[in-house]
Amino acid sequence: MCDPDDSVRAAGNLYLDSAASEAADPDVIKAMLPYMLQEYANPSSVHAQGKAAAASLRKAKSEIASHLGARAGEVIITSGGTESDNLAIKGIAMGMAGGDASQVSRTDIVISAIEHPAVRESAYWLERHFGFRVREAPVDAGARIDLSRLREMVGARTALVSVMLANNEVGTIQPIREVASIAHSCGAVMHTDAVQAAGLIPISMADLGVDAMSLSGHKFGTPKGIGALLLRSSLPYEALISGGGQEEGLRSGTENVAAAVGMAVALRKSLKSLESRNPLLRDSAHALCEAVNRVVPDAILTGDRKHRLPGHVSLVFPGISGEALLVELDVLGISCSSGSACAVGRTEASPTLLAMGFGTDMAKSSLRMTFRHVLNATEIAAIAGRLRDSVSALTALA
């Protein structure tokens with residue numbers, strides 16, 4: 001992974017929105033370029049160049065699979081996390097229903113109350129158009145799923161359980177092994193959205209016990225528009241994209257060889273540095289929280305204190321508009337977010353914070369600061385100082 005450009009940091013600007021997107025790694029771009037400029041043949045073509053492209057695609061998928069505890073044949077390259085979630089939720093549910101939910105008993109889809117819109121909206125789309133029933137498992141005050149309530153919801157009618165590995169807004173890591181065990185005990189399929197976790201914490205599909213997993217490359221060093229869905233080959237699945245039958249008939253369309261190669265390199269590089277980088281990211285997050293609380297004592301850390309992503313600080317500021325705070329900080333050279341970057345143009349209260357028990361006003365006062373480089377003391381002091389000034393200015397206006 002790459003640190004932000006030195007000139008940007010030197011100028012006093014700080015990018016604290018890595019959960020929304022990271023810079024593409026130069027090594028990833030370098031690895032991808034030959035498959036755009038020289039070795040650009042269609043991997044489905046039968047000539048020598050096409051066979052070479054197909055071989056490169058298989059090699060890249062094999063490496064991706066090895067990093068994620070899967071098999072090469074279980075890797076489907078997609079356009080990103082949203083497509084991966086859509087394919088998983090809709091394709092698996094329709095496959096379990098044999099294409100018509102009204103003719104089978106497994107018509108329930110169980111998700112957590114804090115899922116990403118790509119999962120939530122896919123599930124409710126199936127409810128609106130195909131007769132499925134969506135059930136939402138509650139979470140506790142730290143955004144960890146309530147396993148006892150989940151056990152009550154999952155049963156003989158459950159087709160699919162989908163719980164994100166790590167929450168994008170508050171950084172909480174879920175007990176996915178336990179969730180998968182509950183799903184499988186009733187014969188349901190288990191999917192996890194690992195978009196925020198992949199490349200940041202160690203992940204093994206086999207160890208987690210999940211049947212399907214979604215990820216997005218631009219969170220850990222690829223250009224935007226690259227993702228993957230890992231799908232167990234034995235799963236019933238209804239293909240949503242029709243065409244030439246690529247990806248074993250699961251996602252038709254000419255395969256993106258460059259994307260697969262880039263994702264393999266990005267995963268390799270990001271995972272290589274986890275052991276040395278993550279403890280430092282956790283220390284940076286802890287120091288940042290302490291610094292903020294010294295200057296803004298009312299700020300409240302959200303998310304689970306123990307089970308959370310490294311380099312992830314999410315706070316609420318009572319009596320302050322999160323959107324207004326973002327604008328103030330942006331003027332002062334700090335780029336962060338008020339929650340999910342995928343809720344374009346929305347100003348309503350965060351569904352995640354509401355599910356955690358926060359009131360509407362408090363849920364509108366959220367701020368998320370995420371980073372993949374270790375913050376030094378000067379940067380932490382600058383962030384805390386600018387937050388103090390912004391909160392003071394907004395309080396005075398109020």
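In which sense do strand β3 and β4 pair, and over how many bridges? The legends below take up this question and others for a predicted model.

**View 1. Strands β3 and β4 and their pairing.**
Strand β3, formed by residues 108–112, pairs with β4 in the parallel sense, and five bridges link the two. Within this pairing, Asp108 stands opposite Arg133 of β4. Helix α6, spanning residues 117–130, packs on the sheet and touches β3, β4, β5 (158–162) and β6. The direction of helix α6 makes about 145° with that of β4.

**View 2. The seven-stranded sheet.**
Seven strands, in the order β2-β8-β7-β6-β5-β3-β4, make up an open sheet with mixed pairing. Its edges are β2 (75–78) and β4 (133–137), each of which pairs on one side only. From one strand to the next, the twist averages 20°.

**View 3. The surroundings of Thr192.**
Thr192 belongs to strand β6, which covers residues 189–193. Thr192 counts as buried because its relative accessibility is 0%. A polar atom of the Thr192 side chain lies 2.7 Å from the backbone oxygen of Val163. With neighbours within four places in sequence left aside, the residues in contact with Thr192 are Val163, Met164, Leu165, Ile176, Val210, Ala212, Met213 and Ser214.

Ile300 has Val316 in β10 as its bridge partner.

The chain contains 15 helices and 12 strands. Its C-alpha atoms fill a box of roughly 65 × 55 × 35 Å along the principal axes. The radius of gyration is 22 Å, which agrees with a compact globule, because a globule of 398 residues would have a value near 21 Å. Of the 398 residues, 56% count as buried. Among contacts in the chain with a separation of 6 or more, 74% come from residues 24 or more positions apart. The accessible surface of the chain amounts to about 16,400 Å², and carbon and sulfur atoms account for 52% of this surface.

Definitions and conventions. Residues are numbered from 1 along each chain as its sequence is written. This is a predicted model: local features need pLDDT of at least 70, side-chain atom pairs count only at pLDDT 80 or more; totals for chains, interfaces and linings use all residues. Side-chain values use heavy atoms; hydrogens and water are left out. Two strands pair if DSSP finds at least two bridges between them. Helices (H or I, at least four residues) and strands (E, at least two) are DSSP runs, numbered from the N terminus. The radius of gyration is taken over C-alpha atoms; the globule rule is 2.2 Å times the number of residues to the power 0.38. Buried means under 20% relative accessible area, exposed over 50%, partly exposed in between (1.4 Å probe, protein chains only). Contact means heavy atoms within 4.5 Å. Accessible areas come from the Shrake-Rupley method with a 1.4 Å probe; for residues, only the protein chains shown count as cover. A polar contact is a pair of N or O atoms within 3.5 Å; within protein, one must be able to donate a hydrogen and the other to accept it, and residues adjacent in sequence count only if both atoms are side-chain atoms. Axes are lines fitted to C-alpha atoms, for helices over the stretch in contact, and angles run from 0 to 180 degrees between N-to-C directions.
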